[in-house]
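Subject: Structure for you to look at

Hello,

Here is the structure I promised to pass on. Please open it first, then read my notes below.

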There are 2 protein chains.
Amino acid sequence: MHEPFFLRGTLLYSSSPDTIEILDDGWLLCRDGKAAGVFRSRPERFAGLDVLDYTGKLIIPGMTDLHVHAPQFSFRGLGMDLELLDWLNTYTFPEESKYEDLSYAEAAYESFVTRLTRSTTTRACIFATLHLPATLLLMQKLEDAGLSTYVGKVNMNRNCPGYLREISTNQAIRDTERWVVESRERFSHTKPILTPRFIPSCTDDLMYALSRLRAKYDLPVQSHLSENLGEIEWVKELCPRSKFYGDAYDQFGMFGGGYPCIMAHCVHSNDAEQELMLRRGVYIAHSPESNMNLASGVAPVNQFIDRGLHVGLATDVAGGSHESMLRAMMHAIQASKLRWRLLDQSVRPLSFERAFYLATMGGGQFFGKVGSFLDGYELDAVVLDDAGLEHPQPLSARARLERMVYLADERNIAAKFVSGRKVL
Amino acid sequence: MHEPFFLRGTLLYSSSPDTIEILDDGWLLCRDGKAAGVFRSRPERFAGLDVLDYTGKLIIPGMTDLHVHAPQFSFRGLGMDLELLDWLNTYTFPEESKYEDLSYAEAAYESFVTRLTRSTTTRACIFATLHLPATLLLMQKLEDAGLSTYVGKVNMNRNCPGYLREISTNQAIRDTERWVVESRERFSHTKPILTPRFIPSCTDDLMYALSRLRAKYDLPVQSHLSENLGEIEWVKELCPRSKFYGDAYDQFGMFGGGYPCIMAHCVHSNDAEQELMLRRGVYIAHSPESNMNLASGVAPVNQFIDRGLHVGLATDVAGGSHESMLRAMMHAIQASKLRWRLLDQSVRPLSFERAFYLATMGGGQFFGKVGSFLDGYELDAVVLDDAGLEHPQPLSARARLERMVYLADERNIAAKFVSGRKVL
């Protein structure tokens, strides 16, 4: 490992959902890729260490995008006029089919990884497509960029067009197993995650076979849950024995418990579903912009936190239009206010503190001790430079951070570290 | 006037709320500051005219921000945790009081006008503060920037802190009259608009006196209406004879009819209020991001359009966080989808076409024939350069424009014209 070093600057990090620790002109010790202490001044005993001096800038934990579709990056900001199921058939499936062509995948994934690298995201849980070669290409690019990610080759074998469908369950499982083995051999911080698209696009036997594969290789799982009302009705028809959508995954053995599992959206999860997610330790990937753009609704994210559910934030590109987790924080706060005003005053709007927690520590936990500068956390850090956002008077560090959520773009990301590695 | 000239590029402009005219590689003739024809190729008879060649770029009408607070620009993206009335007292009034200091105003307004100039906005209806010198300073900056705007010295003499209150009705009227006369003498495309802050901050006698001043100088009016439920209740108490909020303005003779009038928000306007706005020709400044950030709700903007009300789009900085009208379009579409999903399925989500219409032609009408490239419209134009947003395949002009709404920032604004004057 590298020598220990200091990051110097204005430090802001969550220590709980409701608390942002703030240290103006602080010193953050990085040792073995981990946060090893936050200091008001450099301790005498560390006088000899290197210092990366970002005085005047904000240093925050790297953010975790808990749900994003790499192949959809190419049509972000387009086709925002449909609900989920029509949107999939009209825009998404035709686009994803193009990733059979590796030269198309090369151009599109290069663009995605480049933008992701320039963002505040240090960790991500990513859907690829069903195509094995393109998925490995994406993983190679992510590995080279130095980000820490889970990537899923998508599984789907029904209710999707012939041009984007796995031919048989056997073929799907053979491909998936090959992909798991090869990616584990090739990559160190880019890991495979089992990715059945969602119940409607996977037959029962595919789900059971994936569940066996999951156990064989001790894999985590990601999928979609209770995003859209039409989708939920459809799942009831497809899995008549399930008590609710999440129960369908659970019956297939694909809903967490002894292994990590992420479900994106959970906009319409009822109490029983939330209860089961709590018991199974399922992570919710809250995707507020996507849920607005596809007119799905707004998940009661404050309720999730209050109930002790695992929940993080997600861009869900291309349901969401942008890779920026800062923008995802903005949308999370805004959507929660409309949910409160228009639907249900029993769940308060999301505070800035909680939005920051979701983007950093909430989702980061899926990767272990990630998303804070508390001792022992992975040293994922982002340096924000807000000097270009002129202001006629001094601002507190908290105010500067809040402003970044609404105003920052990639020009404000001055440096980025993943487990102590400088990746930008 | 200047010689006629052509703008060449991909032209997109509304001809109605539901129609975007699109001409790939078109020629737009500008004569006497007005659009004088759109052509597929340069007509022979105009062979000698200058051509500003933006081939490959998108050329759209300039956008009208129908409601924005210049002094609040300095705290955009801050203090997003309160509803309207607390927000005013906690953040807004203290900030606005600083504009008594001309050196503060100089720095803050310079920042606002610079950013506005770099945006897609060519026209705006702007609130200043109650301070006369700072308001004239702002107007001078806007005049110099070449934008076409209405600016209001704010009137407020009750329910606001002593440090931000006009001392007496007589003094308020004297100041306002001086400001009207001086600004009319000094500026050609920066015009005064009467600006009572809103009913709660203006006594009855101030409102009546403003109404007389309005008639004497034939002034337009701008204010706020039915933004927040607490505010509406308060107006009921303050004006017990009014049938609804808008009726209170109407009883003071400050609700349009024979003169132009803009009311911002109208989130909670009931049928009677909408009916009166229709009869009086009142313009609604739809401010979706602000209405999210302050948890006010979502105005039924499609209903406004269907009923034939005048409606345009607004950023409402600093209720809104950003000066970008493209972002305001995004928020308008997103908010309308949540309104549809969470509150009222009788009002459909806003289409992309309608959002574009609101940002250009809808609000532009307040300035006359503004916001389109139809013959005779003022030549307000913005050139969008999306080359930096790489895409793995060709996109239609409409798709490129849609994408700009979600992804563009000031780097994508390549040039801007107001009434044929190049201002960027």
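**Where the chains meet**

Between chain B and chain A there are 8 salt bridges across the interface. A salt bridge here is a side-chain nitrogen of Lys or Arg within 4 Å of a carboxyl oxygen of Asp or Glu. Before going on, note that this is a predicted model: local features need pLDDT of at least 70, side-chain atom pairs count only at pLDDT 80 or more, and totals for chains, interfaces and linings use all residues. Residues are numbered from 1 along each chain as its sequence is written, chains are lettered from A and ligands numbered from 1 in the order in which they are written, and side-chain values use heavy atoms, with hydrogens and water left out.

One of the salt bridges pairs Arg341(A) with Glu83(B). Their closest N and O atoms are 2.7 Å apart. Glu390(B) also forms a salt bridge, with Arg115(A), and there the closest N and O atoms are 2.7 Å apart. Glu390(B) sits in the loop between β15 and α13 of chain B, while Arg115(A) is in helix α2 (residues 102-117) of chain A, so this pair joins two chains. Helices (H or I, at least four residues) and strands (E, at least two) are DSSP runs, numbered from the N terminus. Side chains of opposite charge can pair when their charged atoms come close. Over all chains, the rule gives 58 salt bridges.

Polar contacts link the chains too. There are 35 residue pairs in polar contact between chain B and chain A, with both residues at pLDDT 80 or more. A polar contact is a pair of N or O atoms within 3.5 Å; within protein, one must be able to donate a hydrogen and the other to accept it, and residues adjacent in sequence count only if both atoms are side-chain atoms.

Which elements of chain B give two or more residues to the side that touches chain A? They are α2 (102-117), α9 (288-293), α11 (325-342) and α13 (397-407). Of these, α11(B) gives the most, with 11 residues. The residues on that side of chain B divide into 21 nonpolar, 15 polar and 16 charged. Ala, Val, Leu, Ile, Met, Phe, Trp, Tyr, Cys and Pro count as nonpolar, Asp, Glu, Lys and Arg as charged, and the others, Gly among them, as polar.

The contact (heavy atoms within 4.5 Å) takes 52 residues from chain B and 52 residues from chain A. The two chains bury about 4,500 Å² between them, 54% of it on carbon and sulfur atoms. In chain B, Leu338(B), Arg341(B) and Leu342(B) lose the most area to chain A, together 14% of what that side buries. Buried area is the accessible area (1.4 Å probe) that two parts lose on being put together, summed over both.

**Two sheets in chain B**

An open, mixed sheet has 7 strands in the order β3-β2-β1-β4-β15-β16-β17. Two strands pair if DSSP finds at least two bridges between them. The edge strands are β3 (34-39) and β17 (421-422), and each pairs on one side only. Strands β1 (residues 5-16) and β2 (residues 19-31) run antiparallel, joined by 10 bridges. Phe6(B) has Leu29(B) in β2(B) as its bridge partner. Helix α12 (residues 352-364) lies across β1, β2 and β4 (50-61), at about 115° to β1(B). Axes are lines fitted to C-alpha atoms, for helices over the stretch in contact, and angles run from 0 to 180 degrees between N-to-C directions.

Another open sheet has 4 strands with parallel pairing, in the order β11-β12-β13-β14. In chain B, β11 (221-225) and β14 stand at the edges with a single partner strand each, so one side of each has no neighbour in the sheet. α12(B) also lies across β13 and β14 of chain B, at about 110° to β14(B).

**Backbone details**

What kind of peptide bond joins Val317(A) and Ala318(A)? It is cis, with omega about 5°. Val317(B) and Ala318(B) are also joined by a cis bond, with omega about 10°. Ala318(B) lies in the loop between β14 (310-313) and α11 of chain B.

Best wishes
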